Amino acid sequence: MATHPRIVIGLILAGCLGPFVNKAIHVDDALFVWAGEWIQHHPADFFGSEVNICDTAIPMWKANCNPPLMSCFLAGVASLFGWNEIVLHLACLAVAFTAAMGIYALARKWCGRPLMATMIAIITPVFLVSSTTLMCDVLMLAFWIWSLVVWERALGKERSGWRILLAGVLAGLAVLTKYSAATTLLPVLALLSLLRTRKIEAWWLLGLAVPLMMVAIYEWMTARMYGRGLLLAAAHFAQAHRVGYPGGWLAKGIIGLAFAGGSLLPMMFLAPWLWRRRTLLAMGVIIFGLLLAVFQLRGNLGLLVAWGNIKLLDRWDFLLQVMMLTAGGLLLVLLVASEAWERRDIITVVLIFWILSGLLFAVVLNWTVSARSFLPIAPAVVILLVRRMERQQPVISNVWLLGALIPAAMITMTVAVADYRLANSRRTAAEHIVASFKPADHKLWFEGGYGTFQYYMEKLGGQRVDIERSMLLPGDVIVVSWFNDDFFMLPVGTVGWAGYLELRPRWWLNTVGSAGTCAAGFYGADSGPVPFAIGRLPSQLYYVVKNFSGVQFESQLVNPQEVRAGDIPNFKHISFRIMDQGATLPMKLEVAAYLQLTRQLEGEGKIEAVIQTCREALAVDSNNPVLLNNLAWFLATADKPELRDGQEAVRLATRAVELTDRREPNMIGTLAAAYAEAGQFAIAADMAHIAEALASVTGQKEVAAKNNKLRGLYQAGMTPGTAPTP
């Protein structure tokens, strides 16, 4: 194996990443692809397009707080082979191979088992899952690691000037792939140079000046193109939109440790080779004792953001997972501390500085804690880990080593499969919705669904609603994504129910969002306090409504000055103007009198008289939906069994729903009650769900709550007329 490392590494990567080459565009992949599509035709104006990712169109340079190099790479690949997911993922597999070979090259210089270090790095969740995306992280790591390799060679006996310049160019490319490289890579290069040469020398300072000059030119150029330097704009975004946690810095510290432990998972499995058994046992007792004390004494630590399900932390199984991954993060801290105490050679000092500066960015400086932010420190961690293993266990049985690495690799693969299935389920949802609901001669709009769903909806002809300027016309169809997304209310009475789609991707691990028993946030801790968790994947739920009125959105910004300065827009209220209310059924004067009488009789508890009055009113106006709905409700829910008639109630309520174009959630709720009285509880529960959904979409909270409660009643096989009195 050691004689053919390229082949071994290539085969491992092909085996690990090959199954995911048809993965859907996922999360922030969409931003890089959209930018790449624009760059393909406008290479001199890489961020000149607009994109709607926050309910209104904004310039791409505001939406994508990353440099354009990854999008340029995708544009180049697509220019040769087309915009196909498989082609793009194969190109990114080549990038992952380049990064892995860079890790191997550096490990050859800094430890005795470079292939082992590379294999451990590959099977970390952060490396493997990041390599299945089209985001900039792995390309940045490839430039980063090769810059360090070439820089180290330049500092050798020959003191090569051209190599130091090449390394500087690679470092600059790393920063122009992802800005965060500037916070760690450049200081690491400076520290390594200072320790190797023992003094400040002009030739390696010149090498450091190369990436700084590249970034300065980029900043000057983007300031002229877009009115603001994009590196400073990204720094401002991180400061202005930093995710806050109810538990403050203690919560963020625990989350940071949990993400470190999960992102660099193999380290936990290799712990027996890092310390003696007694030391490891003592450390385990202390770590878990400390964590138990913190979690028990402090109670709710505020690990979930304000909109999260805080009751999740009352579940012992989920809390145990948080503690396990946090313990993994503490192992990293102890590894760094142990090496700092026992060894102070140049390589150890550089590795420790690399890890600590990377943790500083990932946990403190970045706008949110994300598994992706831990990717730059993965090479340093695995090299430091292997160096300690070599010293603690000079002779390591390959069988025992594989016994540790195989379970770690299996867990990492399951994390990648979870992310893969979640992404593909959203692509499937978009394809199904377009095939089933896209009108032939009207627009298909959608709300929410950033990332996968939005990318494929737009690719298939859908358009995201812009709350500043969109005009919805009668006959248009609107899809509301209900998957952990913010959504805005549509005007009451303007939309009618068209259908819904619910997909439940099956897997036992979750990477994004809350699924009832767990919450994970591989791409951002605002979705969950751990990068992955045991539990089912979240359901994908989409509501579809048909528009019956002209609706002009005209929401006003609450931060116009900040937007002009480069911030993203913020809206306090969603404003719209209804151009017409659509067709309405006239109300006869006699019917109005009957309705007033029924309200009076109902108040007096004379339900039998109410039913008789409704029948008399229907003789006057047989197609009045209010009368049909009222009579159906009383026939379905009357307290006396002899007054109830489920079959007639279904017929009347169905007619009322049809006459109102399925626009009234109250009437759909009446149909649900009618089906329940008729003994068709499954249909009743489904109708109550529809009534709740339509009420939620149109902002009728009380109606939604009422039907949610009734839905539970129908699922239990009860009706409003037979339910026990609370």
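Analyst: Two strands pair if DSSP finds at least two bridges between them. Helices (H or I, at least four residues) and strands (E, at least two) are DSSP runs, numbered from the N terminus. The structure discussed here is a predicted model, in which local features need pLDDT of at least 70, side-chain atom pairs count only at pLDDT 80 or more, and totals for chains, interfaces and linings use all residues. Residues are numbered from 1 along each chain as its sequence is written, and side-chain values use heavy atoms, with hydrogens and water left out.

User: How many helices and strands does the chain have?

Analyst: The chain has 28 helices and 14 strands. Its C-alpha atoms fill a box of roughly 105 × 60 × 40 Å along the principal axes. Of the 726 residues, 56% are buried (under 20% relative accessible area with a 1.4 Å probe, protein chains only; exposed is over 50%, and partly exposed lies in between). Among contacts (heavy atoms within 4.5 Å) with a separation of 6 or more, 75% are between residues 24 or more positions apart.

User: What is the order of the strands in the open sheet of five?

Analyst: Strands of a sheet pair through backbone hydrogen bonds, either parallel or antiparallel. In this sheet the order is β4-β3-β6-β12-β7, and the pairing is mixed. Strands β4 and β7 (495–503) form the edges, each pairing on one side only. Helix α20 (residues 452–459) packs on the sheet and touches β3, β4, β6 and β12, with a direction that makes about 170° with that of β3.

User: Which strands does β3 join, and in which direction do they run?

Analyst: Strand β3 (residues 444–447) is joined by four bridges to β6 (residues 477–481), and the two run parallel. Two bridges link β3 to β4 (residues 463–464), again in parallel.

User: How many bridges join β6 to β12?

Analyst: Five bridges join these strands, which run antiparallel. One of the residues concerned is Ser481, whose bridge partner in β12 is Tyr542.

User: Is Asn547 buried or exposed?

Analyst: Asn547, in strand β12 (residues 540–547), is buried because its relative accessible area is 0%. A polar atom of the Asn547 side chain lies 2.4 Å from the backbone oxygen of Ser549. Residues that Asn547 touches, leaving aside those up to four places away in sequence, include Leu472, Pro474, Asp476 and Thr494.

User: What is the order of the open sheet of three strands?

Analyst: The order is β5-β13-β14, with antiparallel pairing. The edges are β5 (471–472) and β14 (576–578), each of which pairs on one side only. Strand β5 is joined by two bridges to β13 (residues 551–553), and Leu472 stands opposite Val551 in β13.

User: At what angle do helices α5 and α18 pack?

Analyst: Axes are lines fitted to C-alpha atoms, for helices over the stretch in contact, and angles run from 0 to 180 degrees between N-to-C directions. Helix α5 (residues 85–110) and helix α18 (residues 378–392) pack at about 35°, with axes 11 Å apart. Ile103, Leu106, Ala107 and Trp110 in α5 meet Pro379, Ile383 and Arg387 in α18.

User: Which residues does Thr184 touch?

Analyst: Thr184 lies in helix α10 (residues 181–197) and is buried because its relative accessible area is 3%. Not counting residues up to four places away in sequence, Thr184 touches Trp144, Trp354, Ser357 and Gly358.

How values were computed:
Polar contact = N/O pair within 3.5 Å; in protein donor to acceptor, adjacent residues only side chain to side chain.
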